Amino acid sequence: MKLAFDVYKPNIKEETFLNPIVLLHSIMETKSTWKPIAQPLAQRTGRQVYAYDARNHGDSPWIGEYTMDALVDDLDKFLREHSFLKVILIGHSVGGKVAISFTLRNPERVEKLIVEDVPVRNFRHRLHNLVPTALKMVKLLIEDFKEINDRALAERHMRELAKRFSHLLVVTPERIDSYNIDCIPAKWNGNNYQLDVNIDVVVDSLRLNKLQSDLTGRYTGYALFIIGGASQFKA
């Protein structure tokens, strides 16, 4: 299976042999999520930066299986296809879980591990209820807006309807107003918004706990875990 990806290269004349950085997005995201930081990251580190769409997201294949093992295998195959012997992994939420699982299985192939907003332990039950609710809400919103061919109007309606679910999403109305619409699993096709994630498969995976993983192994390299003070995943 070929995964869709973007690559960002540092603007330097001399060739470097530094290990590349691979960015792993979460549910309700795509490789585009990383655009604001990917090129600056390449420039500041002098490394090539890769961001790919996970299966059932964006431009990568939409298929029935969506499990932690499948996601880790996809990462393994992606690295082998590009002949990457060792990489720096940066993962957000579920992407972070993929990075952790891969690293513990293949510690010799990871130079550094950076994980944002996800614990090492399995997800709590409350979050398993929350994420499918959020995904279903997005699906309903997009279906409601199929007849709206004005992008600004559609985005305004999205924000107003999302505020009705703010207590379930555990976010404030102000956060919804400032949220980058480009980060939701949908894209504007010139006439209306279309889903950019195979939500039915993803929701089913969460409902059946297919993204849980029993972690074993040891990694003694550099690891950084970043969790915000208001994160639902801390402690």
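Visitor: Which element gives the most to the lining of the second largest pocket?

Guide: In this predicted model, local features need pLDDT of at least 70 and side-chain atom pairs count only at pLDDT 80 or more, while totals for chains, interfaces and linings use all residues. Residues are numbered from 1 along each chain as its sequence is written, and side-chain values use heavy atoms, with hydrogens and water left out. The elements that give two or more residues to this lining are helix H1 (35–45) and strand E6 (186–188), helices (H or I) being DSSP runs of at least four residues and strands (E) of at least two, numbered from the N terminus. The largest contribution, 3 residues, comes from E6.

Visitor: How do the residues of that lining divide into nonpolar, polar and charged?

Guide: Ala, Val, Leu, Ile, Met, Phe, Trp, Tyr, Cys and Pro count as nonpolar, Asp, Glu, Lys and Arg as charged, and the others, Gly among them, as polar. On that basis the lining holds 5 nonpolar, 5 polar and 8 charged residues.

Visitor: Is Arg-55 buried or exposed?

Guide: Arg-55 lies in the loop between strand E3 (49–52) and helix H2 (68–81). Its relative accessible area is 7%, and with a 1.4 Å probe on protein chains only, under 20% means buried, over 50% exposed and in between partly exposed. Arg-55 is therefore buried.

Visitor: Which side chain does a polar contact of 2.6 Å join to that of Arg-55?

Guide: A polar contact is a pair of N or O atoms within 3.5 Å, where within protein one must be able to donate a hydrogen and the other to accept it, and residues adjacent in sequence count only if both atoms are side-chain atoms. A polar atom of the Arg-55 side chain lies 3.0 Å from the backbone oxygen of Glu-65. The side-chain partner at 2.6 Å is Asp-74.
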